[in-house]
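Please look through the structure below before reading on. The paragraphs after it take a few parts in turn.

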Amino acid sequence: DVRTVNVPLGSRAYDVLIGPGLVARAGALIGERLGPARCAIVTDRNVASFHLAALEAALGADGRLVGSIVLPPGESTKSFRELEPLCERLLDTGLERGDLVVALGGGVIGDLAGFAAAILRRGVRFVQIPTSLLAQVDSSVGGKTGIDTPQGKNLIGAFHQPGLVLADTDVLGTLPERELRAGYAEVAKYGLLGDAPFFAWLEKNHPSVFALDPGPLTHAVETSVKAKAGIVGRDETEQGERALLNLGHTFGHAFEAWCGYSDRLLHGEAISIGMCIAFRFSAAQGFCDAAAADRVAAHFTAVGLPTRIGDIPGDKPDIEAMMKLMAQDKKVRHGKLTFILARGVGEAFIARDVPPDTVRGFLAGEI
Ligand code: NAD
Ligand code: ZN
């Protein structure tokens with residue numbers, strides 16, 4: 001029951017395999033597609049405790065494993081502080097240009113190990129084995145890699161596409177429930193931005209997705225990856241259409257920043273609120289009807305995700321702080337705010353030059 005989605009990038013095209021049992025078969029799958037390269041695994045402590053032994057066994061069997069590097073879990077690992085020793089340890093394994101960095105983990109490990117692969121020897125190949133739902137449907141596909149700095153998230157990085165992505169749906173069984181829910185927000189995003197039938201399918205089938213029922217779960221991941229692969233294939237470096245993937249993210253990033261990128265608000269929770277706001281804002285601007293905005297919020301409520309600024313625990317964000325944080329978003333061009341808005345479920349569009357005062361006024365009503 002393994003599904004294959006191709007990311008169409010010409011000579012750098014690659015496959016995303018989705019389904020159960022892929023970690024155990026990783027050695028053979030990598031061998032078939034990428035040849036007899038040697039592999040260095042990068043992972044974090046949480047993921048290592050559940051899944052590293054299985055991957056080491058799969059890669060060790062044919063003698064291609066040169067080492068495993070286990071890093072601390074958490075967003076703070078995506079830093080220069082961790083990048084430097086990681087690069088040195090990878091060089092110490094004797095990894096050469098034709099060899100592979102294998103990122104086993106969530107988006108943190110994928111972004112960091114992918115970036116290390118991008119800069120090591122001016123670019124070594126890498127394989128993503130995403131272990132969080134967010135990483136399977138979003139961060140492992142598309143080639144954005146990087147780290148955070150005190151100036152902001154993901155401000156240092158590179159586009160570096162993987163050679164293969166193995167999204168093993170079995171590994172989601174050990175993912176904490178809250179992380180699963182947060183990753184689900186990105187799944188729903190693909191329905192909201194361009195695939196109304198998928199959103200309707202999720203409204204009906206979300207309980208089986210959350211129960212990790214293999215059929216529905218694989219379908220949800222596959223549909224998401226297909227959507228992302230299509231967009232990335234048409235607009236790899238975000239000159240246009242790829243920006244649609246930021247639905248809910250301009251608002252969401254401001255909430256995350258307000259919460260200091262802490263456990264107070266996970267990324268998926270922030271964009272759940274952000275997507276609900278994007279739809280309510282779209283309705284307020286006359287782009288879509290209020291019923292669409294209500295439908296979006298009702299679905300996120302049904303799966304236990306937050307939908308309003310008031311759902312953020314702790315002190316209420318203040319509007320001027322939000323406006324400032326949104327103005328710092330790296331999607332800002334010439335000081336103008338760009339939002340992804342919607343004409344309805346499945347009909348997102350890029351709205352450039354949204355006047356700050358319109359946003360300010362709208363947020364005042366939201367807080
Ligand atoms: P994460 O990597 O921190 O993983 C979340 C938590 O779950 C961690 O504690 C991790 O150790 C744990 N975990 C992961 N898989 C597990 C498993 N199978 N079993 C048990 N525990 C497991 O966070 P994330 O949500 O996966 O990714 C967030 C990161 O992704 C952010 O840094 C964000 O900037 C980045 N991101 C990148 C892109 C991109 O295109 N490159 C897109 C979206 C997000
Ligand atoms: Zn996101």
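Predicted model: local features only at pLDDT ≥ 70, side-chain atom pairs only at ≥ 80, totals over all residues.

Residues are numbered from 1 along each chain as its sequence is written, and chains are lettered from A and ligands numbered from 1 in the order in which they are written.

Begin with the record. An unreviewed UniProt entry lists Gly107, Val108, Ile109, Gly110, Asp111, Thr131, Ser132, Lys144 and Lys153 under "binding site". Its positions are given in the numbering used here, feature names are shortened, and annotations may be inferred rather than shown by experiment.

Gly110 lies in helix 4, residues 107-119; helices (H or I, at least four residues) and strands (E, at least two) are DSSP runs, numbered from the N terminus. Gly110 counts as buried because it has 30 C-beta neighbours inside 10 Å. A residue is buried if 20 or more other C-beta atoms lie within 10 Å of its own, exposed if 12 or fewer, and partly exposed in between, with C-beta atoms placed from the backbone. Leaving aside neighbours within four places in sequence, Gly110 is in contact with residues including Ala103, Gln128 and Ser139; contact means that the C-beta atoms, placed from the backbone, lie within 7 Å.

Asp111 is in helix 4 too. Asp111 is buried, with 26 other C-beta atoms within 10 Å. Beyond four places in sequence, Asp111 is in contact with Lys78, Ser139, Thr145 and Gly146.

Now turn to helix 9, residues 249-258. Ten of its ten residues are buried, so helix 9 is largely enclosed by the rest of the structure. The cover over these buried residues includes helix 10 (267-284), helix 12 and strand 10 (337-342). After helix 9 comes Gly260, with a positive phi near 65°.

How do helix 12 and helix 13 cross, and at roughly what angle? The axes of helix 12 (residues 319-328) and helix 13 (residues 356-366) come within 10 Å and cross at roughly 140°. Axes are lines fitted to C-alpha atoms, for helices over the stretch in contact, and angles run from 0 to 180 degrees between N-to-C directions. Helix 12 is therefore oblique to helix 13: angles under 35 degrees count as roughly parallel, over 145 as roughly antiparallel, 65 to 115 as roughly perpendicular and the rest as oblique. Ile319, Met322 and Met323 in helix 12 meet Pro356, Arg360, Leu363 and Ala364 in helix 13.

How values were computed: Contact = placed C-beta atoms within 7 Å.
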